[in-house]
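Dear colleague,

Please find below the structure that I would like to hand over to you. My findings follow directly after it.

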Amino acid sequence: MNWKRDGLVIWRPIKALLFADKDAFYWIKNKLGLTEYQMAALVWVKGIVLGLLLGWWLF
């Protein structure tokens with residue numbers, strides 16, 4: 001493994017979770033059969049949960 005090229009490998013799942021691309025958004029939407037409003041609510045809840053976890057961790 002080349003650390004200079006690959007970087008810290010443990011951050012890859014976190015990066016994938018936080019910075020999901022459009023394909024992942026549409027895959028989740030189609031897989032769960034959600035509407036645009038439901039997906040917006042899901043993204044909002046994800047932001048609230050991550051914000052609370054980050055706030056708890058920093059506090």
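The notes below go from the overall fold to one helix pair and its side chains.

This is a predicted model, in which local features need pLDDT of at least 70, side-chain atom pairs count only at pLDDT 80 or more, and totals for chains, interfaces and linings use all residues. Residues are numbered from 1 along each chain as its sequence is written, and side-chain values use heavy atoms, with hydrogens and water left out.

Overall, the protein has four helices and zero strands, in the order α-α-α-α from the N terminus. Helices (H or I, at least four residues) and strands (E, at least two) are DSSP runs, numbered from the N terminus. Of the 59 residues, 3% are buried; buried means under 20% relative accessible area, exposed means over 50%, and partly exposed lies in between (1.4 Å probe, protein chains only).

I turn next to the helix pair. Helix 3 (residues 22–32) packs with helix 4 (residues 36–58) at an angle of about 115°, and their axes are 11 Å apart. Axes here are lines fitted to C-alpha atoms, for helices over the stretch in contact, and angles run from 0 to 180 degrees between N-to-C directions. On the helix 3 side, F25, I28 and K29 meet E36, M39, L42 and V43 of helix 4, where contact means heavy atoms within 4.5 Å. Helix 3 is hardly covered, with one buried residue among its eleven. After helix 3 comes G33, which has a positive phi, near 70°.

K29 deserves a separate paragraph. This residue is found in helix 3 and counts as buried because its relative accessibility is 17%. Apart from neighbours within four places in sequence, K29 is in contact with L34, T35, E36 and M39. K29 also forms a salt bridge with E36, with the closest N and O atoms 2.8 Å apart. The count comes to one salt bridge, defined as a side-chain nitrogen of Lys or Arg within 4 Å of a carboxyl oxygen of Asp or Glu. E36 is partly exposed, at 44% relative accessibility.

Finally, the structure holds one aromatic pair. F25 and Y26 form this pair, which is edge-to-face, at 5.3 Å centre to centre and 80° between the planes. Rings of Phe, Tyr and Trp (its six-membered ring) pair if their centres lie within 6.5 Å; planes under 30 degrees apart count as stacked, over 60 as edge-to-face and the rest as tilted. F25 is partly exposed at 24% relative accessibility, and Y26 is partly exposed at 38%.

With kind regards
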